[in-house]
Amino acid sequence: MKSFRQRLKNYSRIFYWIFIFLITAFLLHLILPGEPKFKYEYQKGSPWKHENLIAPFDFAIFKTDEEINKEKEELTASIPPYFTLDTLMTASLIERLQKDLRQYIDTTVILNTGIEKDITEYIRNLQYNGILLRSIDSYSELKGKTEIYRLIGNKSALVPVSQLNSEKTAYNELITRVNLLREKYPEISEQLSLINFNTYISANLEFNEVSTQRQIDETIAGISKTHGLVQAGERVILRGEIINNSNFTTLESLKQTYEKKQGIGVNRYMVSFGKAILILVFLTLIFIFLFFYRNDILMHFRQLLFLLFLIVLVVLLSMVANQFEGLHIYVVPIAILPILIRTFFDSRTAIFTLIITSLMIGFYAPNNFEFVILQVIAGMVAVFSLIKMHRRVHLVMASLWVLIAYILTYSAIQTIQEGNVLNINYRMFQWFAGSSLFIFLVYPLIWVFEKVFGFISDVTLIELSDTNQPLLRKLAEEAPGTFQHSMQIANLAEEVILKIGGNPFLVRAGALYHDIGKIAKAYYFTENQFGIQNPHDELNNFASAEIIIDHVKDGIKMAKKHKLPLSLFEFIATHHGTTKTKYFLINEQKENVDTKIDELPFTYPGPLPHSKEAAVVMLVDGIEAASRSLKDKNIQNIKELVDSMIDSKVRDNQLDESDLTFRDISVIKTVLLNKLINIYHVRIAYPKEKAN
């Protein structure tokens with residue numbers, strides 16, 4: 001029956017693996033582009049390493065984005081802006097002028113001198129040429145322009161900018177004209193001075209943005225995107241020929257045309273099929289790596305889901321950035337991927353995942369080879385520079401090192417391709433800087449993933465190890481002896497784990513919290529009994545054993561109440577394993593010599609420790625407590641205590657499910673012996689001098 005259950009469990013796990021990897025493959029297939037890929041790889045400045053390339057069909061040579069943008073700028077600068085002229089205003093102004101003239105000057109004089117006609121025509125011409133509200137220089141639309149389109153109704157005409165006036169210059173010209181008339185007709189000079197000619201000048205020319213933009217759009221739409229044609233059978237490039245700007249543009253044009261042609265009809269389905277196979281190959285490599293080197297990730301649903309989720313997320317962000325014209329794919333902080341994986345797993349898994357993800361994205365990214373090199377180097381630098389991440393400065397330095405790695409690697413590649421540092425595209429540095437700054441998102445992302453996937457990072461472990469944490473303060477206040485004992489365990493266990501390998505932050509936090517269950521009944525534990533009667537004296541052995549054993553259950557309840565991370569639960573539940581409360585068991589056996597005692601009530605429920613860190617805390621916990629009771633604390637006694645207690649745990653199979661090796665156990669004995677000797681200030685006994 002047990003064998004059947006195990007087989008069923010194995011089959012269900014295999015089904016789960018197939019299901020989650022197929023879902024991941026499906027998502028990646030949707031995200032990655034469906035266009036076919038050009039079969040040749042090439043880089044500007046490098047020799048053509050493939051066979052002689054002959055054009056397989058006619059194709060146009062496309063202009064580069066820089067060429068098109070430059071042509072757009074030139075055409076935009078050459079297009080005259082549109083200004084709408086208000087003709088109704090002129091009639092109103094002239095009508096008012098005629099009324100005012102007749103008010104101050106006799107009609108006969110007006111007719112004889114022709115002054116009304118003269119001034120009217122002058123104002124009409126000024127208004128018709130166009131009057132702007134401000135000076136010409138203040139209009140950005142007129143900067144560098146020599147002509148404008150004057151729009152009257154639906155008709156437009158080109159007008160030189162030199163003919164335009166502002167309200168101020170138009171008024172000055174009108175006053176100059178009036179002064180000439182006053183000199184010519186002195187008999188009406190005084191009457192003309194009474195008229196305010198400023199009221200007959202008004203801006204009637206307004207920039208028409210809609211018409212101007214329409215003209216720009218129509219002109220730009222007419223720009224040809226090609227500047228030449230390569231006919232089928234014509235040589236494109238020869239083997240060994242250096243790829244310069246000219247033939248690079250030709251190759252890019254052939255690539256674009258080829259991918260467009262291949263994406264039509266049946267070929268489109270073959271491209272999709274090939275993409276699916278490629279994705280499955282990448283995911284199979286990830287599965288094989290995990291199976292042989294990190295099988296624990298495969299065995300834990302949340303860990304595997306997290307790893308595959310990160311890969312899908314990074315690929316999605318990269319493809320989205322690559323689709324937007326204003327963004328560059330390098331703005332996506334792919335270096336965050338290995339940082340997060342290293343934070344929750346290890347460096348080897350982080351680097352392997354980085355390489356696979358970079359290859360997957362790089363196959364569809366522009367300048368594939370360059371992209372993969374940059375991302376792999378930057379990601380590896382991020383992992384190596386963040387061996388520690390418990391201080392903010394570590395993340396700042398990692399961001400700086402990633403930026404330096406990007407710049408140096410990109411500059412080296414560009415120098416090889418261009419043959420000149422002056423031709424490096426320095427604008428790319430802004431994208432590298434942005435990507436490096438995004439690394440600061442690691443801290444909030446760690447917090448999010450901890451909550452979503454139930455992980456725990458070194459940063460959180462350090463925070464939990466702060467003795468000012470509420471639960472640890474409560475332990476210090478209500479069970480001070482236990483608190484000091486836990487501090488000593490934390491120091492010893494941390495020293496041990498640094499020697500045998502493991503997470504020192506996890507073992508320290510686990511040691512500090514392993515005995516929090518004693519808070520519930522602190523005075524039933526000897527380390528907290530300061531000058532008071534032992535409460536166990538009034539209890540029988542079974543009741544005393546139950547109280548002592550219950551501190552494990554109470555600890556789990558308290559951990560849940562204070563929402564401690566699940567990884568700390570193991571330390572609380574396993575630090576006594578399935579050992580017995582020997583003091584009370586032996587007492588019971590002494591009191592009932594002729595009766596067989598049931599040992600179950602005196603046995604801790606377990607389970608046994610699984611991790612190396614939890615096993616170390618179990619060993620150190622018992623040895624530290626026992627060392628306090630040694631009457632003569634010399635080297636020999638301490639060594640015998642350490643050896644006997646560890647050997648006892650091994651004989652009782654308490655370490656069978658942990659990752660400890662015989663070598664680890666040997667190292668643990670040595671480290672604990674040295675540390676306990678230092679703690680108790682054990683000195684070598686000096687020989688006495690013989691009396692003379």
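Analyst: Let us begin with a definition: the rings of Phe, Tyr and Trp (for Trp, its six-membered ring) pair if their centres lie within 6.5 Å, and planes under 30 degrees apart count as stacked, over 60 as edge-to-face and the rest as tilted. A search of the whole structure finds 33 aromatic pairs. This is a predicted model, in which local features need pLDDT of at least 70 and side-chain atom pairs count only at pLDDT 80 or more, while totals for chains, interfaces and linings use all residues. Residues are numbered from 1 along each chain as its sequence is written, and side-chain values use heavy atoms, with hydrogens and water left out.

User: Why is the pair of Phe-21 and Phe-287 called edge-to-face?

Analyst: The ring centres of Phe-21 and Phe-287 are 5.6 Å apart, and their planes stand at 85°; since pairing asks for centres within 6.5 Å and edge-to-face for planes over 60 degrees apart, the pair is edge-to-face. The pair links distant parts of the chain, with Phe-21 in helix α1 (residues 2-31) and Phe-287 in helix α10 (residues 266-293), 266 residues apart. Helices here are DSSP runs of H or I with at least four residues, numbered from the N terminus, and strands are runs of E with at least two.

User: What makes Phe-21 buried or exposed?

Analyst: Buried means under 20% relative accessible area, exposed over 50%, and partly exposed in between, using a 1.4 Å probe and protein chains only. Phe-21 has 10% relative accessibility and therefore counts as buried, whereas Phe-287, with a relative accessible area of 24%, is partly exposed.

User: Why is the pair of Tyr-406 and Phe-432 called stacked?

Analyst: The planes of Tyr-406 and Phe-432 are at 5° and their ring centres 4.9 Å apart, so the pair is stacked. Tyr-406 lies in helix α16 (residues 392-418) and Phe-432 in helix α17 (residues 428-437), so the pair ties together parts that are 26 residues apart in sequence. Both Tyr-406 and Phe-432 are buried.

User: How do you know that Arg-628 and Glu-624 meet in a salt bridge?

Analyst: A salt bridge is a side-chain nitrogen of Lys or Arg within 4 Å of a carboxyl oxygen of Asp or Glu, and the N to O value for Arg-628 and Glu-624 is 2.9 Å. Because the two residues are four apart in helix α26 (residues 612-628), Arg-628 and Glu-624 are separated by about one helical turn. Arg-628 is partly exposed, at a relative accessible area of 45%, while Glu-624 is buried, at 2%. The structure holds 16 salt bridges.
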